[in-house]
Amino acid sequence: MINSSAAIDDVDVAIAAVSAGAEVVRARYGQRFARIEKGAGDFATDVDVAAEEAILGVIRAARPEDAVRGEEGGQRGAADAVRQWLVDPLCGTLNYAVGNMLVAVNVALRNGPAAVADPFSEEVFFTDGETAWVRRDGSDTRLAPTAAVPLVDVNLDPPFPSAPGFRAVELLAHPGFAERFRPRVVSTTLALAWVAAGKRAAYVTDGGDLAGSVHFAAGIALCRAAGCVVTGVDGAPVGQAGRGLVVAADAETHGLLLSMIRAVTS
């Protein structure tokens, strides 16, 4: 438990918070859960809620004056606060609900440090805003993106705000994609963490302003700090006017994917 707001850096708060959430997710795996309907086919579980409360407990103890926006609990504190934590306590709820372990726990301080936890490998990917690391068995290793592995995660989950101009599934039909890459669909922030860690060459998803999203903020921060190339699907900077994400291990892979996206949207 964190006892002093002055005792630790923000990156330590992020790591402690995702670790607390991951412990709940791991402990409840395989047990019965209550389903909370959100509409349009989306839902949460009581595990999402419990994990978010564990995360909030860490943040409140360490940074009681900070605002928090959680996936389940919504906004706490001023929405325009300079210091605001973005929390997704269980990214990949559908995966988790069917017994799939491909899930993540995300915490990011807006425009600051962030962390992504894999509850089942017990890895924590984190950044102080300058560099990116993975903590495994108490040891920290610098993240090193690489395009040597030809795996690209493409998010196929709705909604599809750019349709009919852009549909991610059409990228998979581009002949050049199969020549160079092999698609994967993870449906969790782990896909972004794996690009930063050199386990994936790239990640592609549609969407709006994902930099401020509780689902994506931590993964984007991690990839940027690791040295990945990060833009929208239109090649523009990620931000309020942005569309989706193309995150690649290097400029060559990024450019190739953008050229394919333009080909299927023209």
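**Entry 1: the sheet**

I began with an open sheet of five strands, ordered β12-β11-β13-β15-β14, with mixed pairing. Strands here are DSSP E runs of at least two residues, helices are H or I runs of at least four, and both are numbered from the N terminus. I count two strands as paired if DSSP finds at least two bridges between them. The edges are β12 (182-184) and β14 (229-231), each of which pairs on one side only. On average, neighbouring strands of this sheet are turned by 15° against each other, direction ignored.

The model is predicted: local features need pLDDT of at least 70, side-chain atom pairs count only at pLDDT 80 or more, and totals for chains, interfaces and linings use all residues. I number residues from 1 along each chain as its sequence is written, and side-chain values use heavy atoms, with hydrogens and water left out.

**Entry 2: β13, β15 and α8**

I looked up the pairing of β13 (residues 202-205) with β15 (residues 245-248): it is antiparallel, over four bridges. Tyr203 stands opposite Val247 in β15. Next I checked α8 (residues 251-265), which lies across β13, β14 and β15 and runs at about 150° to β15. Axes are lines fitted to C-alpha atoms, for helices over the stretch in contact, with angles from 0 to 180 degrees between N-to-C directions. Contact means heavy atoms within 4.5 Å.

**Entry 3: the largest pocket**

I searched a 1 Å grid over the protein atoms alone; a pocket is an open set of points where a 1.4 Å probe fits, with protein on both sides within 12 Å along at least five of seven lines, and lining residues have an atom within 4 Å of a point. The largest pocket holds about 1,000 Å³ of space. Its lining has 40 residues, and Asp42, Asn155, Asp157, Pro158 and His215 lie nearest the centre. I sorted the lining by class: 18 nonpolar, twelve polar and ten charged. β2 (42-45), β5 (84-91), α3 (93-97), β11 (151-154) and β13 each supply at least two lining residues.

**Entry 4: the second pocket and α7**

The second largest pocket has a volume of about 320 Å³. Of its 15 lining residues, Arg110, Asn111, Gly112, Ala211 and Arg224 are closest to the centre. I found that α7 gives the most to this lining, with five residues.

Terms used:
Grid points are joined across faces, edges and corners, and a volume is the space filled by probe spheres set on the points. Ala, Val, Leu, Ile, Met, Phe, Trp, Tyr, Cys and Pro count as nonpolar, Asp, Glu, Lys and Arg as charged, and the others, Gly among them, as polar.
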